[in-house]
Amino acid sequence: MIDSKTIPQEEPPQEILGAPTREARFAAALDELLRHLEEEAAEVIQACTKMGRFGPGGQDPRVENGPLNHQALAMELGQLMAVWHALDALEPSLLRAKDVMRGRDKKFERMAKELKHSTVTFSLVEGVRACLK
């Protein structure tokens, strides 16, 4: 006698069961991470603006013992990078490191041309560029 437990049962497609497909789960995760990226980018802009207006050592007077402006900017940049890493974990081909680094290098090139009036910034850009070669 054949035991029904030993006969492999075909699983019905997930769509039939009402569960989201792999593609739908990916799209939902991507959408959620893109919202986080938008939010973090906006927070970087806000922290940068505050540091530009009130200086690196300034502090939000509404937050007792809050971070200094330069600390807040660093924290927001770190959170932006966390979302980048999460996107990379979701799908490594979305934001390939070589494409990100190519964008970084292009920005260094533009800054080297645009920031010649600032010897400190220009020297920094030139130093970083020299390290990349």
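In this predicted model, Asp 31 and Arg 35 form a salt bridge whose closest N and O atoms are 2.2 Å apart. The protein has five helices and zero strands, and seven salt bridges are counted in total. Its largest pocket has a volume of about 340 Å³.

**Salt bridges of Asp 60**

- Asp 60 and Lys 50 are joined through their side chains by a salt bridge, at 3.8 Å from N to O.
- This pair links distant parts of the chain: Asp 60 sits in the loop between helix 2 and helix 3, whereas Lys 50 is in helix 2, and they are 10 residues apart.
- Asp 60 counts as buried because its relative accessibility, 19%, falls under the 20% limit.
- Lys 50 has 28% relative accessibility and therefore counts as partly exposed.
- Asp 60 also forms a salt bridge with Arg 62, where the closest N and O atoms are 2.8 Å apart.
- Arg 62 is exposed, because its relative accessibility of 68% is over the 50% limit.
- In a separate group of residues, salt bridges with shared partners connect Asp 31, Arg 35 and Glu 38 into one network.

**Glu 76, a buried charge**

- Glu 76 is located in helix 3.
- This residue is buried but has no salt bridge.
- The nearest side chain of opposite charge to Glu 76 is that of Lys 50, at 8.5 Å.
- Leaving aside residues up to four places away in sequence, Glu 76 touches Glu 40, Glu 43, Val 44 and Ala 47.

**Largest pocket**

- The largest pocket, with its volume of about 340 Å³, is lined by 15 residues, and those closest to its centre are Lys 50, Asp 60, Pro 67, Asn 69 and Ala 72.
- Two elements give two or more residues to this lining: helix 2, spanning 22–54, and helix 3, spanning 69–90.
- Helix 2 supplies five residues, the largest share of the lining.
- By residue class, the lining consists of seven nonpolar, four polar and four charged residues.
- Lys 50 and Asp 60, both among the residues closest to the pocket centre, are also the two partners of the 3.8 Å salt bridge.

**Overall fold and burial**

- Read from the N terminus, the order of elements is α-α-α-α-α.
- The protein has 133 residues, of which 14% are buried.
- Among contacts with a separation of 6 or more, 44% are between residues 24 or more positions apart.

Note on methods:
Residues numbered from 1 in each chain as written. Predicted model: local features only at pLDDT ≥ 70, side-chain atom pairs only at ≥ 80, totals over all residues. Heavy atoms only, no water. 1 Å grid on protein atoms, 1.4 Å probe; cavity = no way out; pocket = protein on both sides within 12 Å on 5 of 7 lines; lining within 4 Å. Points joined across faces, edges and corners; volume = space filled by probe spheres on them. Helix = DSSP H or I, 4+ residues; strand = E, 2+ residues; numbered from the N terminus. Nonpolar A, V, L, I, M, F, W, Y, C, P; charged D, E, K, R; others polar. Buried < 20%, exposed > 50% of the residue type's maximum accessible area, 1.4 Å probe, protein only. Lys, Arg positive; Asp, Glu negative; His and termini not counted. Salt bridge = Lys/Arg side-chain N within 4 Å of Asp/Glu carboxyl O. Contact = heavy atoms within 4.5 Å.
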